[in-house]
Amino acid sequence: MQYMLMICGTEGAEPEPGFDMAAATEAWVSEMDGRGVRLQGNRLRPVSDATTVRVRNNEVLICDGPFAETKEQMFGFDLLECADLDEAIEVASKHPVARYGMIEVRPFWPLGAE
């Protein structure tokens with residue numbers, strides 16, 4: 001089953017002192033790629049580079065920024081192929097951002113499902 005990990009946190013928030021986020025993330029990616037559960041993933045540009053698009057009454061409305069009523073923003077994503085939700089949760093719990101932000105785990109709709 002495929003799952004999307006949405007990597008979220010507060011911009012500017014830092015993990016505990018001495019924690020090497022880059023090295024921890026590289027190690028996580030290597031482990032999950034080696035296990036064959038991570039299909040793809042990437043970081044996102046900061047929220048200052050976001051654009052929100054809505055269509056209301058056939059008019060396209062564009063707004064700078066994420067326009068979300070939350071301090072936490074999406075930093076990136078990873079697409080997984082896991083046996084079940086338990087494995088997806090285990091993979092998410094090992095992601096370095098889980099130490100100071102949050103990881104939302106969400107299954108994909110199976111093709112043809114309602």
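From the N terminus on, the secondary-structure elements of the chain follow the order β-α-β-β-β-β-α-β. In total, two helices and six strands are present in this predicted model. The C-alpha trace spans about 45 × 45 × 20 Å along its principal axes. Of the contacts in the chain with a separation of 6 or more, 77% are accounted for by residues 24 or more positions apart.

The chain comprises 114 residues, of which 26% are buried. Its accessible surface amounts to about 7800 Å², and carbon and sulfur atoms contribute 53% of this area.

R38 is located in strand 2, which covers residues 38-43. The relative accessibility of R38 is 17%; R38 is therefore classed as buried, since this value falls under the 20% limit. The side chain of R38 takes part in polar contacts with the side chains of two aspartates: one of 3.1 Å with D33 and one of 2.7 Å with D78. When neighbours within four places in sequence are set aside, the residues in contact with R38 are W28, V29, M32, D33, D78, L79 and L80.

Key:
Residues are numbered from 1 along each chain as its sequence is written. This is a predicted model: local features need pLDDT of at least 70, side-chain atom pairs count only at pLDDT 80 or more; totals for chains, interfaces and linings use all residues. Side-chain values use heavy atoms; hydrogens and water are left out. Helices (H or I, at least four residues) and strands (E, at least two) are DSSP runs, numbered from the N terminus. Buried means under 20% relative accessible area, exposed over 50%, partly exposed in between (1.4 Å probe, protein chains only). Contact means heavy atoms within 4.5 Å. Accessible areas come from the Shrake-Rupley method with a 1.4 Å probe; for residues, only the protein chains shown count as cover. A polar contact is a pair of N or O atoms within 3.5 Å; within protein, one must be able to donate a hydrogen and the other to accept it, and residues adjacent in sequence count only if both atoms are side-chain atoms.
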